[in-house]
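Work through the exercises below with the sequence and the model open. Try each task before reading its solution.

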Amino acid sequence: MATQQSRSAARLMMAPAVVLLLGWMLVPLIMTLWFSFRTYLPLRGGDQGWTGFDNYVRFVTSSAFWPAVQTTLMIVLGVLIITVALGVLLAMLLDQPMWGQGIVRILVIAPFFVMPTVSALVWKNMFMDPVNGLFAHLWRFFGAEPVSWLSDAAMPSIIMIVSWQWLPFATLILLTAIQSLDSEQLEAAEMDGAPPLKRFAFIILPHLARAITIVILIQTIFLLAIFAEIFVTTGGAFGTRTLSYLIFQRVLESQNIGLGSAGGVYAIILANIVAIFLMRIVGKNLDN
Amino acid sequence: MPLGNALRAATALSLITASAAFADGHATTITIATVNNGDMIRMQGLTDDFTEKTGHTVEWVTLEENVLRQRVTTDITTNGGQFDIMTIGMYETPIWGANGWLIALDDLPAEYDVDDILPAMRGGLSHDGTLYAAPFYGESSMIMYRTDLMEAAGLEMPTAPTWEFVREAAAAMTDRENDINGICLRGKAGWGEGGAFITAMSNSFGARWFDEDWNAQFDTQPWKDTLEFYVGMMNESGPAGFATNGFNENLSLFQQGKCGMWIDATVAASFVTNPDDSTVADSVGFALAPDNGLGKRSNWLWAWALAIPAGTEKEGPAKEFIQWATSTDYIELVAENEGWANVPPGARTSLYENPNYQEVPFAQMTLDSILSADPNDSTVEPSPYVGIQFAAIPEFAGIATEVSQEFSAVYAGQQTVDEALAKAQAITNEAMEAAGYR
Amino acid sequence: MARAVTPRRKLVNTGLAWAVGLLIFFPILWTILTSFKTEGQAIASPPIFLGFDWTLENYSVVMERSDYGRFLMNSIIIAGGSTILGLIVAVPAAWSMAFVPSQRTKDILLWMLSTKMLPAVGVLYPIYLLFIQLGLLDSRAGLVVVMMLINLPIIVWMLYTYFREIPGEILEAARMDGATLKEEVLYILTPMAIPGIASTMLLNFILAWNEAFWTLNLTAVDAAPLTAFIASYSSPEGLFFAKLSAASTMAIAPILILGWFSQKQLVRGLTFGAVK
């Protein structure tokens, strides 16, 4: 067991990481909190003094607030469902013996290396453009009217773009987990005549539970903050304004730092609600 | 101790990178933030001429329009001092000038001939009569149309058409079989995109953003008429997916011969008549932006201009650059290299008096459009703001972007005109209250 | 583990996997192909797949317009620097969490992850003002630190899960032999955790390379990485698909190549302790 000395050494070793992160969290947080209680309009003479909870009330009663929360959750949920479902299938497929496994893996994980701005630009212009996009050509080829994806189906389009980016990550983690599955157990089940669906539901899925929670946790952290994809594709129009995009509009487009900061505080609260919710599940799953 | 080592290594690493970053701060290098459009990129290519003449070198930060706005606004409001020259527009200049964030350009030498700058541009880039940014190029908006299609439709474009005529002509020119849309207009969300177009258009329908007490006016009939007319016409004769089309998308459509008419920035004229890029270069005609007989046309006024933030330590070289880039000499330099049709238009009176430039087919119409736009008197009924396709108040960009998003949702068929106008009214009043106007 | 299957099943697997792989990769392939077309061919209808006149013109236009080398260098320095700095801070922390756990270890770990949920746009002004005060705007040092802080929670967590898998008996034995704490970390733990550390570094490098908010907003010239480079090629006037494709290819090529060479490492190492 750890001695008193190794305990203090351990604390010392943890200190830099903890102190740095504490600073990185607290300094902006305190500044945000400070701004959120002030009327701060950079284009109108800057900081104009205390305003109490006005910014908070204004932000939350704005007609844009609840739809933005809803949009945020929909994108997170949509991407999670798609990436986890497809990720499991893809991981199972990639685990099978085949020719050229290495190359296929490379092809599948490639989107993960593409920066979000580039991927949004490529999808928007070269695929989803209703006139010159590849989808438009494809639709016309089959005699259909091209769809203007980013206005008529904006949310599904964004969810698709983001899913494309994160599917490799989910696949990678799930693949590592699946590879550790005891193949004897599977084969035994096969021998017993368990149908594939049963084998999947009772052996593979439980084995992947832990990996799936990890995927959900990490992706949620990143997805709550997605910005570039929306900035590049729709600019928040057509019901794709997430909470972080709404804050962007308040802070940068409307130049109302106080209001935006109040929004920032709400976003932190939302993130923490989601986090606590997640931690409950993940924590349980990580412990055993 | 690992901790000590770690800290020492971290400090060393930061110091190395920090000194590497600070080392290349050169006294005569100026940093310019600019937008990535054709004229600005051309200017970057010609920077050597400036370096030759003055000895100063230039670092360019070229960004897409929305990113540029975000970047320069953050920097100027926090006094970040990242740029020695910023490319800004007619919207930002008076607001920033009033805040004392820009260096006044009131001591330019006589040979620069500041009086040669078109009065409309000079007025729009000044605050209280002081010039704060020099126009690199200026624009209004006008109709660009296909003469061949117009002829085939048996119509003739008047020099100053009405909206009724435009709508009829658009319907007559539309040929869905051959992928020809009678009219292409901006519908993309964003105050500088679809927002600018619909606001300029609404002026000719007698609408305004605010009444004299800063109350939003989206609950009035003229706005309803504007939107209904726009949506009706675009559904009849517009391209598929026009709700996401901005300047670029429409330019590309027009160059590919897919538009009968296009009402947009006058600078587009040089792109659509350039045979290298445009398949319809030899059959483009020009006309004034339409009106409704109410005394206001639907053309706007804009300039991309160069301004010096007040915090810079390189004011001298920055001024030298602005004098170079917005001078008549620069215009001649471009003309020599790229031809007269490609010089930056709309900034100087002398350009339009130049016989070489008068031969350019769109020169006269561009000048007429610019001259017919008056930011100080843009609406039929009195309004408290300056600006045609915008209101020069700090809150406008934010409000108008949100409002134009509601409009774009109408264009995409996701809500009705009435719903959008009701939301626009609420958004605007909400924001104006937050800013303390009401 | 490769299981024995019938050749027919293997063939089906292969066909299916390749089809899916190519589908997922297609957008990247299409971008790369388009970058070698002329602007006219890039929007041709019907689209041309391979039978176009291959040209390098777009690349030369992009090279002429921007100082690609500098953007690339900055990306490498920022992603690399933040990865190294992050490891220096994270290894001791993860070590102590894994081998001297207390009741609060899990809380600290989860708290660290929660700092990642601070919305970046909400704190742009505070951070920007802070950077002005510290004179860190447009400096690589500043960005290295920010990128390090952003990814630190992930690094700590990944390392923690790797360290935890190292059997405690080995450490006990080393301690018996009189190894100091420093020796223990340097000579026993680190070598054993090398695969884990390598994939942590890779992941961190990728995340830092692709980060597009802070790298764009806190830089101008000297420290601007490839994310800023790409921001000057999105939607200029007129036809731009081919040039956009060339710029995109140039922005993602280095990291794509790195990723391809290290994909085995990534596949093996990206577990986050998910494997039991």
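**Exercise 1: a covered helix**

Task: list the buried residues of α13(B).

Solution. The buried residues of α13(B) are B:Pro317, B:Ala318, B:Lys319, B:Phe321, B:Ile322, B:Gln323, B:Trp324 and B:Ala325. Buried means that 20 or more other C-beta atoms lie within 10 Å of the residue's own; 12 or fewer means exposed, anything in between partly exposed, and C-beta atoms are placed from the backbone. Helix α13 of chain B covers residues 315-325, and eight of its eleven residues are buried, so the helix is mostly covered. Helices (H or I, at least four residues) and strands (E, at least two) are DSSP runs, numbered from the N terminus.

Before going on, note the conventions. This is a predicted model, in which local features need pLDDT of at least 70, side-chain atom pairs count only at pLDDT 80 or more, and totals for chains, interfaces and linings use all residues. Residues are numbered from 1 along each chain as its sequence is written, while chains are lettered from A and ligands numbered from 1 in the order in which they are written.

**Exercise 2: the build of chain B**

Task: describe the secondary structure, extent and domains of chain B.

Solution. 
1. Count the elements. Chain B has 19 helices and ten strands.
2. Check the extent. The C-alpha trace spans about 80 × 50 × 45 Å along its principal axes.
3. Check burial. Of the 438 residues of chain B, 57% count as buried.
4. Domain 1 is 28-138 + 302-363, and domain 2 is 141-300 + 380-434. These bounds come from an automatic or database domain assignment. The C-alpha centres of the two domains of chain B lie 27 Å apart.
5. Look at their contact. It takes twelve residues from domain 1 of chain B and 13 residues from domain 2 of chain B. Two residues are in contact if their C-beta atoms, placed from the backbone, lie within 7 Å. The domain 1 side divides into nine nonpolar, two polar and one charged. Here Ala, Val, Leu, Ile, Met, Phe, Trp, Tyr, Cys and Pro count as nonpolar, Asp, Glu, Lys and Arg as charged, and the others, Gly among them, as polar.

**Exercise 3: chain C and its partner**

Task: how many helices and strands does chain C have, and how many of its residues are in contact with chain A?

Solution. 
1. Chain C has 13 helices and zero strands.
2. Its C-alpha atoms fill a box of roughly 70 × 70 × 30 Å, taken along the principal axes.
3. Of its 276 residues, 54% count as buried.
4. 83 residues of chain C are in contact with 83 residues of chain A. Helix α1 (residues 7-34) of chain C gives the most to the chain C side, with 16 residues. By class, that side has 60 nonpolar, 17 polar and six charged residues.

**Exercise 4: the largest core**

Task: which residues have the most contacts inside the largest nonpolar core?

Solution. 
1. A nonpolar core is a set of buried Ala, Val, Leu, Ile, Met, Phe, Trp, Tyr and Cys residues joined through C-beta atoms within 7 Å.
2. The largest has 325 residues, and those with the most contacts inside it are B:Met144, C:Ala90, C:Ala94, C:Val156 and C:Leu159.
3. Helix α7 (residues 140-165) of chain C gives the most to this core, with 19 residues.
4. Beyond its neighbours within four places in sequence, B:Met144 is in contact with residues including B:Phe254, B:Trp262 and B:Phe286.
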